[in-house]
Amino acid sequence: MPLRPRLLHPAAWWLWGLGLATAASRTTNPVVLLLVIGVCIVVVTERRDPATTNPLWGFLAIGAIIIAFRVVMTMLLGNGVHGETVLFTLPRVPLPEWASGIRLGGPVTLESLLYAVYDSLRLAAVLACLGAANALASPRRLLRYLPATLYDVGTAVVVGLTFAPQLVTDARAVRAARTLRGHEGTGARETARLAVPVLETAFERSLGLAASMESRGYGRTVHASTRDRRLASGLALVGLLGVLGGLYGLLDASAGGALGLPLLAVGAALAAASLVVGASRERRSGHRRDRWQWPETVTALAGAVPAVVLVAGSVRGWDGIIVTPAPGLPALPLPVVAAVLLAAVPAWLTPRPREEDR
Amino acid sequence: MSSRPPETPVATALGATPTGSRRVIPLRWPAVVAVAVVGVVGLFAFIWPFVVPAEVAIAHGNDAPWFFAVLIALLAVVCLAEVSAGRLDAKTVAVLGVAAAAGGAMRLLSAGTAGLEPMFFVVIVAGRVLGPGVGFVSGALAVTTGALLTGGVGPWLPFQMVCAGGIGLGAGLLPVAAGSRAERWVVAAYALVTGLVFGLFMNLWFWPFLGANAPTGMGFVPGAPVSENLAHYALFYLATSLGWDLPRGVLNAVLVVVAGPALLRVFRRAARRAAFDAPVAFEPPSEQVRR
């Protein structure tokens, strides 16, 4: 039975992306990492949020640049990996005494290159997962789920998001007007001249909006009693101090290292709780509210399974999770491959985005 | 009328406050403590490669950046909630929105020239005029808006939020009289220094990832003495990042020198028009009106 077209809940896609990113961050197996990137591309091709201009390619490009940069740097400067297989030898440049720690040129081994590629491929795969999450559900749709405590801050971000493209348009208009008057040129002085009229207009517009919001009773949907706010402040402070103490405990083993992690966790939980109790939002109807149904659960699980499998695998030390750079293909643990392939399931088991949103 | 109180709402709205300072979001002590704790944890999130014991660094060198990204994101959000707790009215939201929009637009415009971001210029001016509280919030929001606009929500975002928030906060705390002649140069110097320091810190979050894979003599060596790691990082910074950070710092400083005073005026005027902290007082109708 085909599913009715709709946008999936954004939180489901972000949970999926973060789960897959966690999985990718645990392994250096190039095959698994390429599989992760492939899964990201497939899912994004099938279920991209029509409102975005596919940021996945940007993230993949950053990943490719990281890999290329690392490979070039490894060739020129070497890295800490010593290998047997010398591919070729670059002419060695003698360096002065103070830079004796640095090697410029010299033999390039296959092992050091493979290490560079595997390690940067991991970073590229994590970035691909985040890029996929960005492409599948535009992060601004998540703004709706900010806790009520952050309602005002979220509104400021929405105002910013709305006005930023207008600012760019304004800047173009001012620049065009200046060109017509014969003022040409670029550089800091010109930018400075642009900034004043553009910002004046922005403030004009924004304060007008604020005045109209205030006269229409904006902000009355969030309730925050003094007691709630004090409770939230107290929780936040205790939580933050807990985090601080926990970090100190982790750092200094003699000061109770065993207490560090639990203290940190409790502190973080308290700080997070302060966001929830600080204010409550009035119940109200919403326009096109996102629903959480079984496809959302499937998506979140499809991200969680590889994360669990790979974390378990790296803790147990399975073969082929952390790969030693050597010629030839590394071992490929089947459960890991199956778990990563499972992450591609949302490409088919979720509703398609509506065509008219495109 | 001689019995008329000297301070009417109108007078205040026109900027006749005796102190002349306009702290849009006054920092209460819980917020100050929250900012301080987040500052300490944030600093630690950047400099941990230099201070953790060897066995921790070897065991967790690869998870620590992710761990800190999550932790810092949580703390930054809690800090934002504490600083803004229930005291943002519509006009403050509007001014913050413009600061965030300006930051985001700068990111859009400078998409082609990575690193040459004049964004901090706006954050610094906002923090300077509207106080450290707004400086922190507008710095964090400007980075967030830029990331949302360019679809670049990644692990670097929490670190950037803390850094940019700190830059805005510091601009609000600069010890120089508002509107004085020295202000322009002090703020310009601040822009130059923060441009460099931002790069210095932002590299640190991913530097441990390089691990053994960094060029010999530039990588993070878990368990090596602090001096050795610092020397390695200094080389890494000189070789990779200084080329981006120096032009950015100089660009921001030049912008402050050229446009700073005008922009400061624009922000001060907006703050005055928004009539922040104008007390609302209901007076009994005066004799004249009754007659």
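In which loop of chain A does A:His82 lie? A:His82 lies in the loop that runs between H3 and strand S1 (86–90) of chain A. Keep in mind that this is a predicted model.

Is A:His82 buried or exposed? A:His82 has 9 C-beta neighbours inside 10 Å, so A:His82 counts as exposed. Now look across to A:Leu110. Along the chain, A:His82 and A:Leu110 are 28 residues apart. Their C-alpha atoms are separated by 9.5 Å.

Helix H3 of chain A covers residues 56–77. H3(A) packs with helix H4 of chain A, residues 110–136. The angle is about 165°, and the axes are 8 Å apart. Because of that angle, H3(A) is roughly antiparallel to H4(A). The crossing of these two helices, H3(A) and H4(A), is right-handed. What does the contact of H3(A) with H4(A) consist of, by class? There are 19 nonpolar residues, six polar and one charged.

On to a second pair in chain A. Helix H9, residues 294–316 of chain A, packs with helix H10, residues 334–342 of chain A. Here the angle is about 160°, with the axes 8 Å apart. Therefore H9(A) is roughly antiparallel to H10(A). The crossing of H9(A) and H10(A) is left-handed. Who makes the contact? From H9(A), it is A:Ala302, A:Val305, A:Pro306, A:Val309, A:Leu310 and A:Gly313. From H10(A), it is A:Pro335, A:Val336, A:Ala339, A:Val340 and A:Leu342. In the contact of H9(A) with H10(A), 10 residues are nonpolar, one is polar and none is charged.

Let's step back to the whole of chain A. Chain A has 11 helices and four strands. It has 358 residues, and 40% of them count as buried. Take the contacts in chain A with a separation of 6 or more. Of those, 80% are accounted for by residues 24 or more positions apart.

Now chain B. How many helices and strands does chain B have? The count for chain B is 10 helices and zero strands. Read from the N terminus, the elements of chain B go α-α-α-α-α-α-α-α-α-α. Chain B has 291 residues, and buried residues make up 52% of them. For contacts in chain B with a separation of 6 or more, residues 24 or more positions apart account for 78%.

Last topic: confidence. The model scores ipTM 0.74 and pTM 0.74. Chain A averages a pLDDT of 80, and 86% of its residues score at least 70. Among the elements of chain A, helix H2 (residues 30–47) has the highest mean pLDDT, 92. Strand S3 of chain A, residues 222–223, has the lowest, 62.

Chain B averages a pLDDT of 73, with 71% of its residues at 70 or above. In chain B, confidence is highest in helix H7 (residues 156–173), at a mean of 86. Confidence is lowest in helix H1 of chain B, residues 9–13, at a mean of 37. Over residues 1–21 of chain B, the pLDDT is below 50. Beyond near neighbours in sequence, that stretch has 13 contacts in the model. Residues 111–115 of chain B also stay under 50. For residues 111–115 of chain B, the model has three contacts beyond four places in sequence. Where pLDDT is low, the predicted coordinates should not be read in detail.

Methods. Residues numbered from 1 in each chain as written. Chains lettered and ligands numbered in written order. Predicted model: local features only at pLDDT ≥ 70, side-chain atom pairs only at ≥ 80, totals over all residues. Axes fitted to C-alpha atoms, helices over the stretch in contact; angles between N-to-C directions. Parallel < 35°, antiparallel > 145°, perpendicular 65-115°, else oblique. Left-handed = near helix turned anticlockwise from the far one by under 90°. Nonpolar A, V, L, I, M, F, W, Y, C, P; charged D, E, K, R; others polar. Buried ≥ 20, exposed ≤ 12 C-beta atoms within 10 Å, placed from the backbone. Contact = placed C-beta atoms within 7 Å. pLDDT = per-residue confidence, 0-100.
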